[in-house]
Amino acid sequence: MGDAVDHDEALVRALLRDQHPDLADLPLRAVPGGWDNQLFRLGDELAVRMPRTDRAPGLLRKELRWLPDLAPLLPLPVPVPVRAGEPSERFAGTWTVAHWVPGEPGDAAPVTRGTHAAGALAGFLRALHREAPADAPANADRGVPLEGFAPGFGDGLALLAAHADPGAVRRVWEDAVAAPGPQGPPVWLHGDLHPANVVVADGTLAGILDFGELCAGDPATDLSAAWLLLPEGAAGPFLAAYGHGGAHVDDATVRRARGWALLRAAGLIAIGRAGDRGLPGGKPTWGPAGRAALARVLTHARR
C-alpha cells in the first residue's frame, strides 16, 4: 500500500454493498483520528476501520483473531470487530466493522477525574494482564527489555531534555534500563496506551481503542499509562489499585514503567512537533500530551 493513504466514503460504501449489504445503507461519515487505520462511523453503534499503511491489514487481522476472546473479560468498552472485510478487486487489504466506543479522544479531552480514572484503568489492566497463551503474538517494540532501545534512544533523550532537566531525564531512563526484568510469565498487553487510543467521558476513562499492538510481554509497558493517561497525582492511586487486585507491581516494575513512559512521551512530542510544522503524519494535540506525561514521570521519580 506504500505511503499512508486516505479513503473516501464512496469506497467504503461500495465495499459494504459488496460484502455486507445489510449494513450498506446505514449513515456513514469519516471521523478524525487513526494512525494505521482510517475510521468511519457507521450508524449509531458501528465503525468501519480502513487500513492506511502497509502494516495495518496485519494489525486488523490480529484484532479479528484475539479481541473477541478478550473483550468479555474487560471492564471497559473496546472496539470488538463484528465483521471482516476481505481483500477484493475493489480494495486489496483486510478491513473491519467494529463496535463504536462513544467518548472523546483522550488527546482532545484529557482525564480530569484522576481518582476515578485511576481505578478504571487499574481494573482494565488487571483484567487484561493475565498469562498469555503460547501462541499469543510477539512484538519487537512492546513488552520487551528496555535495554534493547538504549543504543538508539539518544534522539529521544535529546528531545525530552529540551522540555525538562536533562540530568533528571537521563537518571530516570538509566534507572529504568537497569531495573531487573519481570519475574512472572508474559502477560497480555494492549501495547499502545497513549491519549489518542482511549476515549474520555465525564472526565474519566470511558473506553480503550486500537488493539493493533496487542501482544504478550512485560506488564510495565502498559503500566506506563499511569503517566501517559492520568493527571498529576493519580499514578500512586493507580499503582495501588492495580496491585491491590493481586497483580505484581514491585519497585522494579514501576522503574521499568517509567522508562516506557519516557519512550512514549518522546514519540508523542515528536509527532506533535511534526503536526505543528504541518508535516505528514503530524498531530498537534500529541505534543502537549507528551510534555505533560514527561513532567508527571519526573515528578513521580523524585518522590
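How much space lies in the largest cavity? About 60 Å³. The close-ups below start there.

The model is predicted: local features need pLDDT of at least 70, side-chain atom pairs count only at pLDDT 80 or more, and totals for chains, interfaces and linings use all residues. Residues are numbered from 1 along each chain as its sequence is written, and side-chain values use heavy atoms, with hydrogens and water left out.

View 1. The structure holds one cavity of 30 Å³ or more. On a 1 Å grid over the protein atoms alone, a cavity is a set of points where a 1.4 Å probe fits but cannot get out; lining residues have an atom within 4 Å of a point. Points are joined across faces, edges and corners, and a volume is the space filled by probe spheres set on them. Among the lining residues are Ala 226, Trp 227, Pro 231, Glu 232, Arg 296, His 300 and Arg 303. Helices H7 (225-228) and H10 (286-302) each supply at least two lining residues. H10 gives the largest share, three residues. Helices (H or I, at least four residues) and strands (E, at least two) are DSSP runs, numbered from the N terminus.

**View 2. Trp 227 and the largest nonpolar core.** This core has 68 residues. A nonpolar core is a set of buried Ala, Val, Leu, Ile, Met, Phe, Trp, Tyr and Cys residues joined through side-chain atoms within 4.5 Å. Buried means under 20% relative accessible area, exposed over 50%, and partly exposed in between (1.4 Å probe, protein chains only). Residues with the most contacts inside the core are Val 78, Phe 124, Leu 125, Leu 160, Trp 227 and Phe 238. Helix H9 (residues 251-276) gives the most to this core, eleven residues. Leaving aside neighbours within four places in sequence, Trp 227 is in contact (heavy atoms within 4.5 Å) with residues including Leu 239, Val 254, Ala 261, Val 297 and His 300. A second, separate core of 15 residues includes Leu 28, Phe 40, Leu 42 and Phe 91.

**View 3. An aromatic pair, Phe 149 and Trp 260.** The whole structure has five aromatic pairs. Rings of Phe, Tyr and Trp (its six-membered ring) pair if their centres lie within 6.5 Å; planes under 30 degrees apart count as stacked, over 60 as edge-to-face and the rest as tilted. Here the ring centres of Phe 149 and Trp 260 are 5.4 Å apart and the planes are at 75 degrees, so the pair is edge-to-face. Phe 149 lies in the loop between H3 (114-128) and H4 (154-161) and Trp 260 in H9, so the pair ties together parts 111 residues apart in sequence. Trp 260 is buried, at 2% relative accessibility.

**View 4. The largest pocket.** About 1200 Å³ of space lies here. A pocket is an open set of grid points with protein on both sides within 12 Å along at least five of seven lines. Of its 47 lining residues, His 194, Ala 196, Asn 197, Asp 210 and Trp 286 are the closest to the centre. H9 gives the most to the lining, six residues.

**View 5. Helix H1 under its cover.** In H1 (residues 9-19), Leu 11, Val 12, Ala 14, Leu 15 and Leu 16 are buried. Their cover includes strands E1, E2, E3 and E5.

**View 6. Ala 134 in a loop.** Ala 134 sits in the loop between H3 and H4. Ala 134 is exposed, at 89% relative accessibility. Ala 134 and Pro 186 are 52 residues apart in sequence and 9.3 Å apart in space, C-alpha to C-alpha.
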